[in-house]
2 protein chains.
Amino acid sequence: MSMLWLDDRLIAADEARIDPADRGFLLADGVFETLRAERGRPIDLDEHLARMARGAGVLGLPEPPRARIAVAVAQVLAANGIAEAALRITWTRGVGPRGLAPPVEARPTLVVTASERASPPPPARATTVTLRRNEHSPLSSIKSLAYLEQVLALREAVAGGADEAILLNTAGRVACASAGNLVVRQGERLLTPPLGDGVLPGITRARLIARLGVVEASLGPADLVQAAEILVTGSLVRIRPVVTLDGRAVGLGTPGPAAERALAAL
Amino acid sequence: MSMLWLDDRLIAADEARIDPADRGFLLADGVFETLRAERGRPIDLDEHLARMARGAGVLGLPEPPRARIAVAVAQVLAANGIAEAALRITWTRGVGPRGLAPPVEARPTLVVTASERASPPPPARATTVTLRRNEHSPLSSIKSLAYLEQVLALREAVAGGADEAILLNTAGRVACASAGNLVVRQGERLLTPPLGDGVLPGITRARLIARLGVVEASLGPADLVQAAEILVTGSLVRIRPVVTLDGRAVGLGTPGPAAERALAAL
């Protein structure tokens with residue numbers, strides 16, 4: 001029986017109840033994190049909780065209770081007996097009265113789930129989608145429940161025969177993949193779009209900047225066409241090479257040395 | 001005891017369970033409508049269901065079952081004994097596996113709720129917020145569960161001492177209020193931003209275009225400053241005059257003749 005953590009306790013997943021008046025359900029009013037567990041231990045939990053706290057701050061949500069979440073993560077992993085897991089932590093504003101105005105005193109909802117981690121996906125065949133990321137929105141820099149644009153971006157890519165989406169921002173600069181940051185290799189240089197271009201401050205991204213000398217630089221679509229390698233980075237996917245973009249080979253059309261170096265650096 | 005409709009039946013609100021794996025909760029993957037009931041009857045239900053069907057089409061969701069929803073609305077109103085109601089209809093992609101990719105065969109979740117309609121709000125003291133609406137996003141023309149930007153817009157307005165938000169789009173054109181369309185009077189002309197400027201195709205808006213000769217025209221912030229009247233329109237609020245904008249009186253600083261004419265035209 002699959003178990004999850006709801007608010008303050010473990011509960012069978014099929015008994016766990018989200019209130020239909022939860023603002024997470026009604027208005028996407030909340031934040032979440034996804035992360036890996038390896039050998040039963042969450043990876044970079046502190047970094048994920050710090051980012052979640054920043055996101056909660058942007059929304060004016062109470063700060064996520066880090067100690068309680070750490071306990072929840074450990075218990076969910078143990079209860080389900082999953083050592084190699086994909087974890088998700090969700091923190092919403094909880095139940096509120098009708099309308100947009102939040103309740104005076106929010107009683108947030110906390111959900112922590114663990115599922116078996118899928119094997120790494122094959123190298124990506126990506127396409128540049130028409131949907132543009134809004135670099136002007138405070139939501140572009142936090143991981144909020146308003147994740148529908150990412151769903152649509154992937155859907156558009158899949159409808160075109162690809163399996164990953166590259167999103168530009170409203171200014172036409174490169175932003176991110178459907179659910180991950182981008183790193184581009186040009187010769188020996190490794191580049192990633194700056195936060196101001198509308199990208200989420202990825203934890204894998206930050207690590208590659210610190211450990212591998214990846215440099216923040218605004219990129220245009222032409223930079224992708226000329227790239228020797230393109231990598232999608234994220235806490236679950238880790239490093240996913242993009243081998244074709246809009247039907248054409250990226251570099252040699254196979255995973256390259258930067259993909260290997262990035263994976264080794266994590 | 002408050003009752004709501006969940007999927008295919010009436011249920012006590014405090015027993016109704018949204019699955020924590022519902023994509024409406026996890027990813028804002030769904031659409032909704034809010035509308036009035038008067039004397040126990042929903043107003044413009046067909047128009048709302050048509051808009052919901054268009055939104056579902058944009059997301060690739062199964063079409064909302066109109067007959068079932070009509071029954072649900074009637075039963076929710078009757079069961080709660082509310083004649084003057086605010087109704088909400090929510091239609092999500094339902095439970096799915098982990099990740100962004102939707103399930104092959106979606107089993108959508110339907111929720112219909114009714115609550116006592118609040119008395120009309122006082123005339124609005126609005127402020128132009130920094131958050132910009134993304135007119136490039138397909139989400140700007142549908143009423144999706146990714147409603148968090150609207151929450152943030154209202155929050156920003158309230159933090160500044162106002163009670164309504166005016167959003168510009170990324171090009172700096174006037175878009176909408178936190179949860180309603182805008183109509184602006186200049187002399188005898190009534191103007192409303194065109195759909196291409198990133199506004200929801202409001203049902204009240206459409207009616208005012210048809211019955212009152214409101215004309216679609218792109219508006220800049222200066223048009224608001226010079227407006228004789230500004231109205232927020234919506235199915236719940238109907239017509240709400242904006243009497244101050246960014247701390248300055250709009251026109252005479254009191255509800256004007258266009259507000260009255262608009263209300264009479266509905």
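Predicted model: local features only at pLDDT ≥ 70, side-chain atom pairs only at ≥ 80, totals over all residues.
## Where the two chains meet

Let's begin with the contact between the chains. On each side, 55 residues take part: 55 from chain B are in contact with 55 from chain A. Put together, the two chains bury about 4100 Å² between them, and carbon and sulfur atoms give 69% of that area. Which residues of chain B lose the most area to chain A? They are Phe25(B), Leu100(B) and Leu148(B), and together they make up 18% of what chain B's side buries.

What about polar links? There are 17 residue pairs in polar contact between chain B and chain A, counting pairs with both residues at pLDDT 80 or more. Salt bridges between the two chains, on the other hand, come to 0.

## Who supplies chain B's side

At least two residues each come from the helices α1 (23–27), α2 (45–59) and α4 (148–159), and from the strands β5 (85–92), β6 (109–116) and β7 (124–133). The largest share belongs to α4(B), which brings 7 residues.

Sorted by class, chain B's side has 27 nonpolar residues, along with 14 polar and 14 charged ones.

## A sheet inside chain B

Now for the fold of chain B. Six strands line up here as an open sheet, in the order β2-β1-β6-β5-β3-β4, with antiparallel pairing. Which strands sit at the edges? Those are β2 (9–12) and β4 (41–42) of chain B, each of which pairs on one side only.

Zoom in on β3(B), which covers residues 30–38: 8 bridges join this strand to β5(B), and the two run antiparallel. Across β3, β4 and β5 of chain B lies the helix α2(B), running at about 175° to β3(B).

## A loop residue in chain A

Finally, hop over to chain A and find Asp163(A). This residue is in the loop between α4 (148–159) and β8 (164–169) of chain A.

Technical notes. Residues numbered from 1 in each chain as written. Chains lettered and ligands numbered in written order. Heavy atoms only, no water. Contact = heavy atoms within 4.5 Å. Buried area = accessible area lost by both parts, 1.4 Å probe. Salt bridge = Lys/Arg side-chain N within 4 Å of Asp/Glu carboxyl O. Polar contact = N/O pair within 3.5 Å; in protein donor to acceptor, adjacent residues only side chain to side chain. Helix = DSSP H or I, 4+ residues; strand = E, 2+ residues; numbered from the N terminus. Nonpolar A, V, L, I, M, F, W, Y, C, P; charged D, E, K, R; others polar. Pairing = 2+ DSSP bridges. Axes fitted to C-alpha atoms, helices over the stretch in contact; angles between N-to-C directions.
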